[in-house]
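Please keep the structure open beside you as you read.

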Amino acid sequence: MAYCHSMLNSGKQLLPCLREALALNLTRIEFSEYGVEGTGSNAAWFGCPRLLMPLSGDKLMGYAKDGAFITGTFVPGEALLTHSGSFGSEEWVNTHRMISVIFFHDYVRVLYIEHAAGDPRPDGPDIYYHLPPLIPGGGDILHALERYDRSSPASIAMLRALLLILVEMLEAEIGAEKRSPMDAQWRNINGAIIMFCGRVNWGRGEYAEKCGISPVMLSRIVKKRLNVGFCAYLAQVRLHYAANLLVESEMPVAKIARLAGFRYPSYFIGRFRRAYGKTPQEYRLLRPPAE
């Protein structure tokens, strides 16, 4: 079994971290451009906007700028926003604390990570929480930020406003939270499956360890919630992720298969055809033409 540390799914413990980010004196935002492929083993493609901000220490991050993929150092008060469909990377060299916010279509994932120099690359956040989709005003701000490619007083003001909305959304979630223990466990499991679906070597045991429960309990909760087995649901998540990559990127099918957690491209193509009625290449051709 591969090593993985447990994550804490807690809005209450994440709130001070988000407030700390809001209290920083923002001075610089970098934007990772669409259309430039990332380089290096840590480069990853993001199909939705992602915000990364160090809270302490120095954070090395890669991003696309002026047609090239570069690496820069970010300190508290600076941020990186990767646009939808762009590449970004993180280096785990220096001691630092950071938050990461990923703006999915149907929810917002907020992460907090601590890293000490010399430690291996973390395999997940220390604390995370899933918020509902951004309220209309927050969505408008995010869409406006996605039109920027340079830091400016206006973009910095918009980022501060977006952070304030996230803090207020998290406060409201904590105040209104009336979920049962089973609901909380399901959110933890579902978050781990979505977050780590690309881990080729992970099975039920690794996901269970990540969630701090037994493999039997994990399977029981998934079955009760969705009326499907764990492996079937994991395959659904991986195929959905692959479908998004096919539409939003130009990456080869073999690379998409690996990123989505499939060891063998031929097996991925067969599973994809059974699920979607088309091969990955045929599915990619269905996307609307670029404007």
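**Notes on the fold**

1. Strands β2 and β7 (residues 78-82) run parallel to each other and are joined by 5 bridges. Two strands are said to pair if DSSP finds at least two bridges between them.

2. A word on the ground rules. This is a predicted model, in which local features need pLDDT of at least 70 and side-chain atom pairs count only at pLDDT 80 or more, while totals for chains, interfaces and linings use all residues. Numbering starts from 1 along each chain as its sequence is written, and side-chain values use heavy atoms, with hydrogens and water left out.

3. Now the wider sheet. The order β1-β11-β10-β9-β4-β7-β2 describes an open sheet of 7 strands with mixed pairing. Its edge strands are β1 (8-9) and β2 (28-32), each of which pairs on one side only. In total, the protein chain has 10 helices and 11 strands; these are DSSP runs numbered from the N terminus (helices: H or I, at least four residues; strands: E, at least two).

4. Strand β10 deserves a look. Of the 8 residues in β10 (residues 108-115), 7 are buried, so this strand is largely enclosed by the rest of the structure. Buried here means under 20% relative accessible area, exposed means over 50%, and partly exposed lies in between (1.4 Å probe, protein chains only).

5. What flanks β10? Strand β9 (residues 96-103) is antiparallel to β10 and joined to it by 8 bridges, and the two form a hairpin with 4 residues between them.

6. Setting aside neighbours within four places in sequence, Ser155 is in contact (heavy atoms within 4.5 Å) with Ile29, Phe31, Leu145, Tyr148 and Arg150. Asn190 sits in helix α4 (residues 181-195) and counts as buried because its relative accessibility is 17%. Between the C-alpha atoms of Asn190 and Tyr233 there are 9.7 Å, although the two residues are 43 apart along the chain.

7. Which non-glycine residue has a positive phi of about 55 degrees? That is Asp66, in the loop between β5 (59-65) and β6 (68-74), where it is exposed with a relative accessible area of 54%. Asn227 is also not a glycine, and its phi is positive at about 60 degrees. Asn227 belongs to the loop between α6 (215-226) and α7 (230-248) and is exposed at 59% relative accessibility.

8. Finally, the chain as a whole. The radius of gyration of the protein chain is 19 Å, which agrees with the value near 19 Å for a compact globule of 291 residues; the radius is taken over C-alpha atoms, and the globule rule is 2.2 Å times the number of residues to the power 0.38. The C-alpha trace spans about 50 × 45 × 40 Å along its principal axes. Of the 291 residues, 50% count as buried. Among contacts with a separation of 6 or more, 70% come from residues 24 or more positions apart.
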